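Hi,

Here is the structure I promised to send over. Have a look at it first, and my notes follow below.

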Amino acid sequence: IKQWTGFLVSDLSKQSYGWAIVWSSTIWPNIYFGYMLVFFWGGLLLILDFWRKTDDDNKKMQSKIIIISAVVVFPIGFFTNVIFPKLNLRIVPDIADIPGIIWAFGLVYAMVRHRFLAVTPAMAADNILSTMSDSLIILDSKGKIIQVNQATRDLLGYHDEEIKNSPF
């Protein structure tokens, strides 16, 4: 709403490389930049915390790719699109979109190479089983227990180790 009413970008100025935005002189651009910084660095800190806590090498590599690609490209975009225009330094064009594409390629690489955000049928089934409130016992063809959900463990008072591979 603030952008539509002219409180963030007030005008465009013609430069030698094309058109550049002119930030308004109100407090709203600074609030927006603060929000953007807190959101970005907060997200990176959450990914860093995930990276430190996980034991899965694949997830560590995914987190590392996302962190490195973001830390490399974010300052470029932030300086060219925010800091330089605020200081009236029109030495480089607003090129944050280009580093943003590089970061997007880092995300795609993490998704494709390391199966980031991949949902397999086994993962979906495990998630469904763990959130079910009804008791569920999965048996093999010989009548031995393969898996039980949390509701069954709570109902029967057994741990996974005690109940798995036992006859129904």
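First, a term: helices (H or I, at least four residues) and strands (E, at least two) are DSSP runs, numbered from the N terminus. With that in hand, the protein chain reads β-β-α-α-α-α-β-β-α-α from its N terminus on, which comes to 6 helices and 4 strands.

Before you go further, please note that this is a predicted model, where local features need pLDDT of at least 70, side-chain atom pairs count only at pLDDT 80 or more, and totals for chains, interfaces and linings use all residues. Residues are numbered from 1 along each chain as its sequence is written, and side-chain values use heavy atoms, with hydrogens and water left out.

On overall shape, the C-alpha atoms fill a box of roughly 80 × 30 × 25 Å along the principal axes. The radius of gyration (taken over C-alpha atoms) is 25 Å, while a compact globule of 168 residues would have one near 15 Å. That globule rule is 2.2 Å times the number of residues to the power 0.38.

As for burial, 24% of the 168 residues count as buried. Here buried means under 20% relative accessible area, exposed means over 50%, and partly exposed is in between (1.4 Å probe, protein chains only).

Where is the largest nonpolar core? It is made up of 11 residues: L8, V9, W23, F33, F40, L44, I67, A70, F74, F78 and V82. α1 (28-53) and α2 each supply at least two residues of this core, and the largest share, 5 residues, comes from α2. By nonpolar core I mean a set of buried Ala, Val, Leu, Ile, Met, Phe, Trp, Tyr and Cys residues joined through side-chain atoms within 4.5 Å.

Not counting residues up to four places away in sequence, V9 touches Q3, I21, V22, W23 and S24; contact means heavy atoms within 4.5 Å.

I also checked P93, which sits in the loop between α2 (57-86) and α3 (97-113). Leaving aside neighbours within four places in sequence, P93 is in contact with Y17 and T80. P93 and F78 are 15 residues apart in sequence and 12 Å apart in space, C-alpha to C-alpha.

Cheers
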